[in-house]
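Here are some notes to read alongside the model, written for someone opening it for the first time. Please keep the structure in view as you go through the points.

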Amino acid sequence: MELKPFSGAYLVHPAAIWRALLGDTDRVHYADDLNLWLISRHADVRNALGDNDAFQNALTLAPVYEMCPEALAIVMKIDAPPTTAAADPPTHPRTRRALRATFPNTAARVDEQFGPIVRKRVDELVSRIAGRRGAVVDLIPEFAAELPLLVVLDILGVPEDDIAQIKRWSDGQIALVWGQPSPDEQVRLAQGLLDFWRYCQDLVARVNHSGHLGSDYISRALRYRDGDDSVLTESEVASLAFNLLVAGHETTSGLLAHCLDYALAIPSRWDGIVADPSIVPGYVEETLRFGPAIDGWLRMTSRDVTIGDVTIPAGARCLLLIGAANRDPAVFAEPDRFDPHRADVRDHVSFGYGPHFCIGAALARLEAQTALTHLAAAVPGLRLTPGHARSYKPNVAFRAHRALTVIVDPVGVHATGEEEVLAA
Ligand code: HEM
């Protein structure tokens with residue numbers, strides 16, 4: 001079969017493809033166009049995410065196509081040691097220990113340490129939007145993409161002036177690895193990625209040699225390392241920063257975009273959030289299940305793996321279809337219905353599962369919940385521009401909106417009964 005993620009139906013309406021794959025008797029499919037094995041059932045995706053022996057991470061951040069030699073030559077100069085999503089044992093248990101010790105990952109600790117940053121940044125952006133009464137605003141660049149980036153820059157202690165550059169580099173990495181850029185684009189994006197890595201190395205070296213470690217993440221990681229390379233090398237601290245700067249915002253931007261899209265596409269839903277913000281946590285969680293910001297993630301088999309009647313050979317790259325797993329009827333009743341009240345909603349695999357489970361899950365939840373609650377309170381009449389059509393950037397992993405244009409009407413009254421059928 002062919003998935004055609006960059007142009008076909010999958011780009012527009014992935015759930016129809018997930019449904020077809022889940023309904024097939026084969027549990028695994030081979031996508032000829034991508035040279036990737038597709039794993040779609042919830043139990044199989046969860047097992048692959050959790051089984052680091054059979055499904056390795058080493059190539060998770062390697063492009064899904066054959067790169068042109070010029071771009072490859074540049075990428076080969078990026079000597080970032082694997083620390084997170086590209087690391088396997090024996091390195092990963094050690095770097096994961098470092099991550100867990102330095103990055104808060106429970107709701108309470110995240111709220112205590114990052115809550116003030118999140119609330120400050122949300123309020124700045126919300127008042128900027130609320131101040132543009134009657135204007136048409138694209139919520140992707142002006143809110144969904146900007147908020148998580150500002151938050152992660154604050155956490156890492158990165159100067160705000162560098163925001164545009166980091167956004168360009170990080171968008172570039174996502175297009176370079178999981179997109180389909182032309183050879184000229186590959187060269188440009190590869191150069192950007194190399195510059196980004198050098199930037200992270202400089203950043204860490206500057207903090208390390210400043211003689212003063214503060215409360216930012218880089219200082220915290222350097223303090224944890226305490227000059228001991230067997231704990232973490234300076235280069236690994238730079239690699240953690242490199243990974244967090246991308247993982248910490250591109251994903252959460254997607255979550256915010258999906259939350260806003262699903263809420264505003266059905267005005268009664270937005271009105272429900274305005275009237276009762278206590279529904280927001282359930283709403284965000286169901287958005288994670290229904291429209292995950294990362295709906296496919298990569299692994300490589302270390303040995304032959306048999307799933308149902310199909311054997312995936314050793315050394316094969318697999319695309320774990322998180323979006324499909326979250327719609328598996330074996331786990332979720334009426335999976336194509338958006339239901340913020342599902343009791344089992346947290347069984348989604350949008351933050352992964354097992355040894356690489358997302359370290360930023362609690363932060364992402366806090367950002368999305370705060371953003372939605374404060375925006376709904378400040379602009380209860382917010383509504384999509386008439387005729388708004390959903391459209392995503394071509395990518396096999398990140399499902400990112402191209403635009404989400406709204407009219408900023410602080411008190412507008414929604415027309416009643418205009419329920420759009422959500423792209424199920
Ligand atoms: C909605 C938002 C987010 C989504 C959907 C998401 C998704 C994921 C997924 C699927 C993984 C598993 C990777 C694997 O198994 O190979 C992961 C890992 C990771 N995430 Fe997130 N993430 C989000 C937000 C964040 C944030 C806010 C941060 C940090 C500021 C973050 C940092 C990381 C890191 C460092 C890892 C690698 C952990 C490891 O390999 O041990 N993520 N994330």
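1. Of the 26 residues around the ligand, those that come nearest are His 92, Arg 96, Arg 299, His 356 and Cys 358; a residue is near a molecule if one of its heavy atoms lies within 4 Å of it. This is a predicted model, in which local features need pLDDT of at least 70 and side-chain atom pairs count only at pLDDT 80 or more, while totals for chains, interfaces and linings use all residues. Residues are numbered from 1 along each chain as its sequence is written, and side-chain values use heavy atoms, with hydrogens and water left out.

2. Which elements supply the shell around the ligand? Helix 5, helix 12, helix 13, strand 5 and helix 17 each supply at least two residues, and helix 13 gives the most, with three. Helices (H or I, at least four residues) and strands (E, at least two) are DSSP runs, numbered from the N terminus. The shell divides into 14 nonpolar, 10 polar and two charged residues. Here Ala, Val, Leu, Ile, Met, Phe, Trp, Tyr, Cys and Pro count as nonpolar, Asp, Glu, Lys and Arg as charged, and the others, Gly among them, as polar.

3. Now for the polar contacts, which are pairs of N or O atoms within 3.5 Å. A polar side-chain atom of Asn 57 lies 3.0 Å from an oxygen atom of the ligand. Trp 297 also uses its side chain, with an N or O atom 2.9 Å from a ligand oxygen. Thr 84 instead brings a backbone N or O atom, at 3.2 Å from an oxygen atom of the ligand.

4. Where does the ligand sit? The ligand is in the largest cavity, meaning that more than half of its atoms lie within 2 Å of the cavity's grid points. A cavity is a set of points, on a 1 Å grid over the protein atoms alone, where a 1.4 Å probe fits but cannot get out; lining residues have an atom within 4 Å of a point. The structure holds two cavities of 30 Å³ or more, and the largest has a volume of about 820 Å³, the volume being the space filled by probe spheres set on the points, which are joined across faces, edges and corners.

5. The lining of the largest cavity has 42 residues, and Ala 247, Thr 251, Ile 294, Trp 297 and Cys 358 lie nearest the centre. Elements giving two or more residues to this lining include helix 9 (163-178) and helix 17 (361-378). Helix 12 gives the most, with five residues. The lining divides into 27 nonpolar, 12 polar and three charged residues.

6. Five strands form an open sheet in the order 1-2-8-5-3, with mixed pairing; two strands pair if DSSP finds at least two bridges between them. Strand 1 (28-31) and strand 3 (55-56) are at the edges with a single partner strand each, so one side of each has no neighbour in the sheet. Strand 3 runs antiparallel to strand 5, joined by two bridges, and Gln 56 stands opposite Met 300 in strand 5.

7. Two backbone details are worth a look. Most residues other than glycine have a negative phi, and most peptide bonds are trans. The peptide bond from Pro 89 to Pro 90 is cis, with omega near 5°, and Pro 90 lies in the loop between helix 4 (69-75) and helix 5. Asp 226 has a positive phi of about 50° although it is not a glycine; Asp 226 is in the loop between helix 11 (217-225) and helix 12.

Technical notes:
On a 1 Å grid over the protein atoms alone, a cavity is a set of points where a 1.4 Å probe fits but cannot get out, and a pocket is an open set with protein on both sides within 12 Å along at least five of seven lines; lining residues have an atom within 4 Å of a point. A polar contact is a pair of N or O atoms within 3.5 Å; within protein, one must be able to donate a hydrogen and the other to accept it, and residues adjacent in sequence count only if both atoms are side-chain atoms.
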